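Here is a short briefing on one protein chain. Look over the sequence and the model before reading on.

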Amino acid sequence: MASAVEAARRDDALLIDGAVTAAAANNDLVATIARAGPFGAGNPEPVIAFPAHTLVYADEVGQAHMRVRLRAGDGTTIDAIAFRAVGQKLGMALAQSRGQSVHAVGTLCLDRWNGVERVQLRLIDIAPADTLLRPV
């Protein structure tokens, strides 16, 4: 039984390449990550964790996407997008976690809209901040 539980945990594990706070998610970091590309099947984009950030905003936008804002303990924020999340586990978790501390993971990119460029997190998943982030 223990081996089945361990296998299930391993299969459900999300491998994370690094962890930062909202303040560290800047243009320089995105440029550094981009230099490791091009990304594809043999070279996946790095998955970045944002531990213990408050989910201050999560709302539906566009075609079933969720627009999100996360705030670090120092007050800095990062905008995020969860594509096709509405009606899915991620979208429901985002809607239920407003105002709570979460671990958020995703990939970083530059969002260009209306002539403004800003760092954005493409969300892959979230977990309550009381959930352990364990090394593999």
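By class, how many nonpolar, polar and charged residues does the lining of the second largest pocket have? The lining has five nonpolar, two polar and four charged residues. Keep in mind that this is a predicted model. The briefing starts with the overall layout, then turns to spaces, salt bridges, backbone and surface.

**Overall layout**

- The protein chain has three helices and six strands.
- Along the sequence, these elements follow the pattern α-β-α-β-β-β-α-β-β.
- The protein chain has 136 residues, and 30% of them count as buried.

**The second largest pocket**

- This pocket has a volume of about 220 Å³.
- Strand 3 (65-71), strand 4 (77-82), strand 5 (101-113) and strand 6 (116-128) are the elements that each give two or more residues to its lining.
- Strand 4 gives the most to this lining, with three residues.

**The largest cavity**

- The structure holds one cavity of 30 Å³ or more.
- About 30 Å³ of space lies in the largest cavity.
- Rolling a probe the size of a water molecule over the atoms shows where empty space is left.
- The lining of the largest cavity consists of Ile33, Glu45, Pro46, Ile48, Thr107 and Leu108.
- By class, that lining has four nonpolar, one polar and one charged residues.
- Glu45 is the charged one, and Thr107 is the polar one.

**Salt bridges**

- A search of the whole structure finds five salt bridges.
- One of them joins Arg69 and Asp79, whose closest N and O atoms are 2.8 Å apart.
- Arg69 sits in strand 3 and Asp79 in strand 4, so this pair links distant parts of the chain, 10 residues apart.
- Asp79 also meets Arg118 in a salt bridge, at 2.5 Å from N to O.
- Arg118 lies in strand 6 and Asp79 in strand 4, so this pair ties together parts that are 39 residues apart in sequence.
- Arg118 forms a salt bridge with Asp111 as well, with 2.8 Å between the closest N and O atoms.
- Together, Arg69, Asp79, Asp111 and Arg118 are linked in a network of salt bridges.
- The cut-off for buried is under 20% relative accessible area.
- Arg69 is partly exposed, because its relative accessible area is 35%.
- Arg118 is partly exposed too, with a value of 30%.

**Backbone details**

- Gly37 and Pro38 are joined by a cis peptide bond, with omega about 5°.
- Pro38 is found in the loop between helix 2 (27-34) and strand 2.
- Ala52 is not a glycine, yet has a positive phi of about 50°.
- Ala52 has its place in strand 2 (residues 48-61).
- At 41% relative accessibility, Ala52 counts as partly exposed.
- Ala52 and Ala104 are 52 residues apart in sequence, and their C-alpha atoms are 7.9 Å apart in space.
- Ala64 also has a positive phi, of about 75°, although it is not a glycine.
- Ala64 is placed in the loop between strand 2 and strand 3.
- Ala64 is partly exposed, with a relative accessible area of 26%.

**A nonpolar surface patch**

- Which residues form a nonpolar patch on the surface?
- Leu14, Ile16 and Ile124 form this patch, and their accessible area together is about 220 Å².
- Ile16 lies in the loop between helix 1 (2-12) and strand 1 (18-19).
- Ile16 has a relative accessible area of 35%, so this residue is partly exposed.

Terms used
Residues numbered from 1 in each chain as written. Predicted model: local features only at pLDDT ≥ 70, side-chain atom pairs only at ≥ 80, totals over all residues. Heavy atoms only, no water. Patch = residues over 30% accessible without salt bridge, like charges linked within 9 Å, V, L, I, M, F, W, Y side chains within 5 Å. Areas by Shrake-Rupley, 256 points an atom, 1.4 Å probe, with all protein chains shown as cover. Salt bridge = Lys/Arg side-chain N within 4 Å of Asp/Glu carboxyl O. Helix = DSSP H or I, 4+ residues; strand = E, 2+ residues; numbered from the N terminus. Buried < 20%, exposed > 50% of the residue type's maximum accessible area, 1.4 Å probe, protein only. 1 Å grid on protein atoms, 1.4 Å probe; cavity = no way out; pocket = protein on both sides within 12 Å on 5 of 7 lines; lining within 4 Å. Points joined across faces, edges and corners; volume = space filled by probe spheres on them.
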